[in-house]
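Dear colleague,

I am handing over the structure we spoke about, with the sequence alongside. Please have it open while you read the notes that follow.

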Amino acid sequence: MHDDQGGQSDMTVAPDMLAGRRVLFVMALEAEYGPQLRARIAPLMTGVGPVEAAVALTAALAELAACGELPELVVSLGSAGSRQLEQVRVYQVSSLEYRDMDASALGFPKGETPLLGLPARQDLPHRIPGLAAASLATGASIVSGAGYEAVAAQMVDMESYAVLRACQRFGLPLIGLRGISDGAEELRQLSDWTQYLHLVDRNLAEAVDRLAEALESGALTLAPLPRAVPSGA
């Protein structure tokens with residue numbers, strides 16, 4: 001990113017321009033960022049898991065806000081696991097939940113963060129026309145085999161709910177795009193996850209193209225999310 005005088009800015013992250021809109025793409029790992037996506041976007045890389053995603057994205061958005069450069073849209077994209085959805089296909093996220101949150105011993109429904117005032121499952125209202133949608137559950141654990149029996153959502157990842165909370169803090173709309181990399185068989189080694197990432201990369205790139213077309217045509221309109229912050233923040 002460059003400043004108005006043509007010099008190099010000290011910004012460490014900048015949104016991509018997509019159909020004339022500022023869009024910040026967020027991913028966890030370089031392994032998911034293949035050649036098809038590299039030809040289209042320059043995402044913020046957060047690292048693995050909800051803690052790393054929350055820290056990295058919140059810091060980036062705070063930096064952008066301080067410079068008056070907040071994105072108009074955030075897109076969380078990468079791989080996901082599912083035992084019921086088509087492998088390597090990309091789905092946009094219809095709803096998000098935090099599968100690791102469990103304060104039921106204190107009387108709160110499982111998945112609901114205590115005293116935050118948000119439901120356990122939150123719908124994402126912004127959708128790309130013509131792209132299949134599925135529910136997503138985020139957590140800090142890998143889900144495999146019989147572990148899917150404890151998850152109500154159709155797919156699982158380790159970052160998107162944290163991305164949602166950061167977006168809610170800044171009132172930014174969010175779209176989630178996840179390609180199914182595993183889940184049909186039990187995970188036993190790292191290559192069981194990585195072996196299809198090149199196909200996920202291709203399909204995610206096509207989904208990004210669909211997003212650009214929807215923004216260009218006006219089929220997708222952007223509206224801020226209601227800000228959701230903890231009591232007293």
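This is a predicted model: local features need pLDDT of at least 70, side-chain atom pairs count only at pLDDT 80 or more; totals for chains, interfaces and linings use all residues.

The relative accessible area of Thr 138 is 0%, and since buried means under 20%, the residue counts as buried.

What surrounds Thr 138, once its neighbours within four places in sequence are left aside? One group of contacts consists of Leu 96, Glu 97, Tyr 98, Arg 99 and Asp 100, and another of Asp 157, Met 158, Glu 159, Ser 160 and Tyr 161. Arg 99, for its part, is 39 residues away from Thr 138 in sequence, although the two C-alpha atoms are 5.7 Å apart in space. With Asp 157, the side chain of Thr 138 makes a side-chain to side-chain polar contact of 2.5 Å, while a polar atom of the Thr 138 side chain also lies 3.4 Å from the backbone nitrogen of Ser 160.

Ser 160 leads on to helix H3, which covers residues 160–170 and has 10 of its 11 residues buried. Among the buried residues of H3 are Ser 160 and Tyr 161, together with Arg 165, Gln 168 and Phe 170. After H3 comes Gly 171, which has a positive phi near 70°.

How do H2 and H3 lie relative to each other, roughly parallel or roughly antiparallel? The axes of H3 and helix H2 (residues 50–66) come within 8 Å and cross at roughly 25°; angles under 35 degrees count as roughly parallel, and the two helices are therefore described as roughly parallel to each other. Their crossing is right-handed. On the H2 side the contact is made by Pro 50, Ala 53, Ala 54, Leu 57, Thr 58, Leu 61, Ala 62 and Ala 65, and on the H3 side by Ala 162, Val 163, Ala 166 and Phe 170.

Strand E5 (residues 90–98), by contrast, runs antiparallel to E9 and is joined to it by 3 bridges, with Leu 177 of E9 as the bridge partner of Gln 92.

With best wishes

Conventions: Residues are numbered from 1 along each chain as its sequence is written. Side-chain values use heavy atoms; hydrogens and water are left out. Buried means under 20% relative accessible area, exposed over 50%, partly exposed in between (1.4 Å probe, protein chains only). Helices (H or I, at least four residues) and strands (E, at least two) are DSSP runs, numbered from the N terminus. Two strands pair if DSSP finds at least two bridges between them. Contact means heavy atoms within 4.5 Å. A polar contact is a pair of N or O atoms within 3.5 Å; within protein, one must be able to donate a hydrogen and the other to accept it, and residues adjacent in sequence count only if both atoms are side-chain atoms. Axes are lines fitted to C-alpha atoms, for helices over the stretch in contact, and angles run from 0 to 180 degrees between N-to-C directions. Angles under 35 degrees count as roughly parallel, over 145 as roughly antiparallel, 65 to 115 as roughly perpendicular and the rest as oblique. A crossing is left-handed if the near helix is turned anticlockwise from the far one by less than a right angle, and right-handed if clockwise.
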